[in-house]
Number of protein chains: 4
Amino acid sequence: MKPVCLIIGAGAGIGGCVAKRFAGGGYHVVLSRRSDQNGLDRLIKEIQQQGGSATGRLANAVEAGVIENLVTEAAEIGQIEVLIFNLGAQIGTRTLAQTSLKQFELGWRMACLALFRAAQAAMPSMVKNGKGCFLVTSSTAAVRGNEGQHAHAAAMGGRRMLCQTLNAEFGPKGIHVAHIVVDGAVDAPDTLGKLIGPKNFAQLRDTVGSRDGLLDPNQIAESYWHLAHQHRSAWTHEMDLRPWSELPWWNDKPLPTAKI
Amino acid sequence: MKPVCLIIGAGAGIGGCVAKRFAGGGYHVVLSRRSDQNGLDRLIKEIQQQGGSATGRLANAVEAGVIENLVTEAAEIGQIEVLIFNLGAQIGTRTLAQTSLKQFELGWRMACLALFRAAQAAMPSMVKNGKGCFLVTSSTAAVRGNEGQHAHAAAMGGRRMLCQTLNAEFGPKGIHVAHIVVDGAVDAPDTLGKLIGPKNFAQLRDTVGSRDGLLDPNQIAESYWHLAHQHRSAWTHEMDLRPWSELPWWNDKPLPTAKI
Amino acid sequence: MKPVCLIIGAGAGIGGCVAKRFAGGGYHVVLSRRSDQNGLDRLIKEIQQQGGSATGRLANAVEAGVIENLVTEAAEIGQIEVLIFNLGAQIGTRTLAQTSLKQFELGWRMACLALFRAAQAAMPSMVKNGKGCFLVTSSTAAVRGNEGQHAHAAAMGGRRMLCQTLNAEFGPKGIHVAHIVVDGAVDAPDTLGKLIGPKNFAQLRDTVGSRDGLLDPNQIAESYWHLAHQHRSAWTHEMDLRPWSELPWWNDKPLPTAKI
Amino acid sequence: MKPVCLIIGAGAGIGGCVAKRFAGGGYHVVLSRRSDQNGLDRLIKEIQQQGGSATGRLANAVEAGVIENLVTEAAEIGQIEVLIFNLGAQIGTRTLAQTSLKQFELGWRMACLALFRAAQAAMPSMVKNGKGCFLVTSSTAAVRGNEGQHAHAAAMGGRRMLCQTLNAEFGPKGIHVAHIVVDGAVDAPDTLGKLIGPKNFAQLRDTVGSRDGLLDPNQIAESYWHLAHQHRSAWTHEMDLRPWSELPWWNDKPLPTAKI
């Protein structure tokens, strides 16, 4: 029986590419995403055509019980050895006045509470199994708060600390928790494409993207695979990823009055 | 007319001492705390007896509209020049299994959402006034997640990032937002005393406390005063505070196999 | 007898303003700088005319024995209660190829080795006295390495870690070590003025400087004073300083493709 | 012709294991270490017996010209595609008084200056080639300064910032610079074994080591391999590594008065 890799947030970007990578590597992947049944069906079919094993269904992770059910269903297929937590919470740039209480709360429900619930649901069986892996997609907003990112940064900052508390409790029980700081624009129609619009997205792909200047989600997936298979004597708990041509978040971009 | 300093979370620790310090420095302080009318009355009386000016009422900050009303009421007394956000979210050490969804959510409501709401309520008038100051009490859990701190760290990590997004938007409008990392045990009956119990607390005071080994909230208040009155050409956005005898959170305590 | 405040790097910027602040507050200040006897004389005279007490001499801190002698001489005047370590190591923006081994080494000698030597010279008497304070001026380059800052960042990164090891050993002995991240351009003819040239500097002062958009070293000095007089129950070990209108180093400046 | 991987600091720990991993993966590895000709010969022989290609010689990296010559010699064999910079600078735990100027300087020469020189020597050809990879072994002391680590932390803190300035200049030219924080004890006779003595080392191996509680350098080498082969659209610039059973440096170890 194949080990199971459960992916919460399996769209056409990082989640989908990780799904293909892990299915190709011998896992049965269980996929969930909030909407787009067609997209989900295509992804499952693509994996199966390449000889992989995949199932999945639509699921709104912020609704009560939904994540818990996903974990239960996946566990019926096989031991969940890897859980990819890939829910985003980006709503674009908004001033404080433009950010509603509802948006602020929804960000937290997706970025933070859903991870907490996924951990509560999946950890007991991983502990019993003596091993397991939680890979948590995160963003630059988890390590610094930019203008217009009130909801996103508050949500992701909580996510990062939660990864650390999970690791502190479950690392010594054999569960590897890794927080992955995606520090750049991902070549993903489902997220970046929707955020900036199809026209801007197409233009971005044609310019920087054509020079590997966007994060290729298939390449991100290689690092997810590596993290999930690090030997337990040498685990990584935080990994940053960005394109070669993009300076890290901590650097000033070249400006006349750049700080030194 | 005195400038107003609104304190959300004015108990017998940091909040109360900051209240006394700012009242002594010429502010009218508006106090709120969730419970203990007697404690609140004593604090107001003490301030008035020392020639200061204070008002206040009980208020449960996580209820809808409450923070907004506090800000409105305070603004009727005078321009809010300083807002001290001092709500804690510590629930003690609990494993993941012992942490309820309700506790996890309450932590976020106090640490994160309440700050967001306070900012939405108070910033417009500060912007109009061209100046203002938000001092946000925070904790070590905002910068690293220890075992058993799932709810607290997730909440405080969000709070820290929110302070950064607020600063990014409002700093250039003249509003100073400072995040204060209280990195040690505070000599405060209302918080530490309740957390570890009166007996342990008394013992702690008699031992390390007698050697200034607990954070004295009156001394913390001096740094709050300093931050609130830094000239706008030289603002601090993050300040850490701990007792002299305590190593910072980033240090290993002396152990045979300590990392080097 | 007045307590002594020894300032290593007392030019016309932070060092000189801190000197005036501490002399005004009752210290005898001992000043040293590498060059410009006239500038030093003017500073001493200015302090004395305001009723303060100051002595000093030129000294090249990177030469063998020089810092040690400065500490010895200052200690003969009185107990050194505060040591302000204010040597900079900025050489402007240079590519790797443009940075000589000599420059790279000199940066380290000023930023790192000189601090190590100052600590070796001054700590024993502070420990004997049961108290003391080391305030170390530092820069953004201590927390992140920008393009063209090879020598400066390597030097300042070492300085920051050295402040932490000094604090770990000497904090529990009553010596307060604080690392101050000056995260912006300082209105100082001796450093910024020389770095960008008198014409650019004059222009900068007339534009952003006139709106408090440059760090005013007299205001920085207020925070140095505060740090040096924090009660030992509530010490700060790292403080950042920047002008209100300038975003912190961790923020993207507004750009079309800013990271979120 | 095989691509060349130059390893500076190829002892019996991380350096040697990385050498075997990269030789096994198709590189010609060029090895250097300061002493132990026999150890070096054994390593080369072992690699050759497994079908790999390796050469090398003893070299004292802190002497003038030595690193530059190593780079020149390696480049004569083939294009240096990967440079592993693996010089340590640990001298054990020493108080400030016990740390000599000479030790402090030597730490910097190994950790910081040698990396600067290696970069000056190797970057031009990598830039010409349009690609290349610098993997820099580092330690917890690069991100926080513990008691007794004055020389080590100052040196490693500088190394970390230098990695960032190198990346800022050379990333956009196709050179991948990664800083690797080895946050735990490595199962390595040449470094840890010498530091704590053979008896303690043997005991450590028998206890925690037998449970994968020491960092296995062969497993570390897998992550070096991964980093060196990340696609340029998704590079990592800082990676931490530690054993599963060890809490990260940022966590308190369980203690009665642990910070929360």
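# Notebook: chain interfaces in a predicted model

I began with chain D against chain B and counted two salt bridges between them, taking as a salt bridge a side-chain nitrogen of Lys or Arg within 4 Å of a carboxyl oxygen of Asp or Glu. I worked on a predicted model, in which local features need pLDDT of at least 70 and side-chain atom pairs count only at pLDDT 80 or more, while totals for chains, interfaces and linings use all residues. Residues are numbered from 1 along each chain as its sequence is written, chains are lettered from A and ligands numbered from 1 in the order in which they are written, and side-chain values use heavy atoms, with hydrogens and water left out.

**Chain D and chain B**

I looked up one salt bridge here by name, and found the side chains of D252(D) and R144(B) at 3.4 Å, N to O. The count of residue pairs in polar contact between chain D and chain B is 10, both residues being at pLDDT 80 or more; a polar contact is a pair of N or O atoms within 3.5 Å, where within protein one must be able to donate a hydrogen and the other to accept it, and residues adjacent in sequence count only if both atoms are side-chain atoms. By class, I noted nine nonpolar, nine polar and seven charged residues on the side of chain D that touches chain B, with Ala, Val, Leu, Ile, Met, Phe, Trp, Tyr, Cys and Pro as nonpolar, Asp, Glu, Lys and Arg as charged, and the others, Gly among them, as polar.

The contact (heavy atoms within 4.5 Å) takes 25 residues from chain D and 25 residues from chain B. These two chains bury about 2,000 Å² between them, 48% of it on carbon and sulfur atoms, where buried area is the accessible area (1.4 Å probe) that two parts lose on being put together, summed over both.

I then superposed the copies by least squares on the C-alpha atoms of residues with pLDDT of at least 70 in both, and chain D can be laid on chain B with an RMSD of 0.0 Å by a turn of 180° and a shift of 0.0 Å along the axis. W250(D) is the residue of chain D that comes closest to the rotation axis, its C-alpha lying at 2.8 Å. The same surface serves both copies, since 100% of the contact residues of chain D recur in chain B.

**Chain B and chain A**

Next I took chain B with chain A, where 38 residues of chain B are in contact with 38 residues of chain A. About 3,000 Å² is buried between chain B and chain A, and carbon and sulfur atoms give 70% of that area. I found two salt bridges between chain B and chain A, and E105(B) and R109(A) meet in a salt bridge through their side chains at 3.4 Å, N to O. Helix 5 of chain B gives the most to the side that touches chain A, with 13 residues, helices being DSSP runs (H or I, at least four residues; strands are E, at least two) numbered from the N terminus.

Chain B can be laid on chain A with an RMSD of 0.0 Å by a turn of 180° and a shift of 0.0 Å along the axis, which is the relation of a two-fold axis. I also noted that 100% of the interface residues of chain B are interface residues in chain A, so the copies meet through the same surface.
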